[in-house]
Amino acid sequence: MEVGTTVKNQPRADYISSIVEAGTAACRLYGPTKTNVVDIARLLGKSPASVYKIIPSKAAIWDAIAGNFFRN
């Protein structure tokens, strides 16, 4: 069971990292105060609803972007 769960969650982890990368790119393009979820979704070629299916709120997206920034 654990192997199936790990494989099943892998696409979600990849999608989260792509959201964080797109959010970082959007912040560089528009600035952190002007960037919104629509901008991030547009860079991904997805709808804002699909972004919110993976990450539940704008605050959670900003936390992930900030965490990625400090890790790098």
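Leaving aside neighbours within four places in sequence, which residues is Tyr15 in contact with? In this predicted model, Tyr15 is in contact with Leu44, Lys46, Ser50, Val51 and Ile54. The protein has four helices and zero strands, and the pattern along the sequence reads α-α-α-α. The points below treat the overall fold, the nonpolar core, and selected side-chain features.

**Overall architecture**

- The protein comprises 72 residues, of which 28% count as buried.
- Its accessible surface comes to about 5,000 Å², and carbon and sulfur atoms account for 60% of that surface.
- When contacts between residues at least 6 apart in sequence are considered, 43% of them join residues at least 24 apart.

**Nonpolar core**

- In soluble globular proteins, nonpolar side chains tend to be buried together.
- The largest nonpolar core of this protein has 13 residues, and the members that touch the most other members are Tyr15, Ile19, Ile40, Val51, Ile54, Ile55 and Ile61.
- At least two residues of this core are supplied by each of H1, H2, helix H3 (48-54) and helix H4 (58-71).
- H1 provides the largest share of the core, namely five residues.
- Tyr15 is found in helix H1 and counts as buried because its relative accessible area is 16%, under the 20% limit.
- Between Tyr15 and Ile55 there are 40 residues of separation in sequence, and their C-alpha atoms are 9.7 Å apart in space.
- Val51 touches Tyr15, Ile19, Val37, Ala41, Leu44 and Ile61, when residues up to four places away in sequence are not counted.

**Thr24 in helix H1**

- Thr24 lies in helix H1, which spans residues 2-30.
- With a relative accessibility of 17%, Thr24 falls under the 20% limit and therefore counts as buried.
- Not counting residues up to four places away in sequence, Thr24 touches Ile65 and Asn68.

- Side chains of opposite charge can pair when their charged atoms come close.
- The count comes to one salt bridge, which joins Arg42 to Asp39 with the closest N and O atoms 3.2 Å apart.
- Arg42 and Asp39 are separated by about one helical turn, because they are three residues apart in helix H2.

**Surface nonpolar patch**

- Leu29, Tyr30 and Leu43 form a nonpolar patch on the surface, and together they have about 300 Å² of accessible area.
- Leu43 is placed in helix H2, which covers residues 37-44.
- Leu43 counts as partly exposed because its relative accessibility is 42%, a value between the 20% and 50% limits.

**Aromatic pair**

- A pair of aromatic rings is described by the distance of the centres and the angle of the planes.
- The structure holds one aromatic pair, formed by Phe69 and Phe70, with 5.5 Å from centre to centre and 75° between the planes.
- The pair is edge-to-face, because its 75° angle is over 60 degrees.
- Both Phe69 and Phe70 are exposed.

Notes: Residues numbered from 1 in each chain as written. Predicted model: local features only at pLDDT ≥ 70, side-chain atom pairs only at ≥ 80, totals over all residues. Heavy atoms only, no water. Phe/Tyr/Trp six-rings, centres within 6.5 Å; stacked < 30°, edge-to-face > 60°. Buried < 20%, exposed > 50% of the residue type's maximum accessible area, 1.4 Å probe, protein only. Contact = heavy atoms within 4.5 Å. Patch = residues over 30% accessible without salt bridge, like charges linked within 9 Å, V, L, I, M, F, W, Y side chains within 5 Å. Areas by Shrake-Rupley, 256 points an atom, 1.4 Å probe, with all protein chains shown as cover. Salt bridge = Lys/Arg side-chain N within 4 Å of Asp/Glu carboxyl O. Core = buried A, V, L, I, M, F, W, Y, C linked by side-chain atoms within 4.5 Å.
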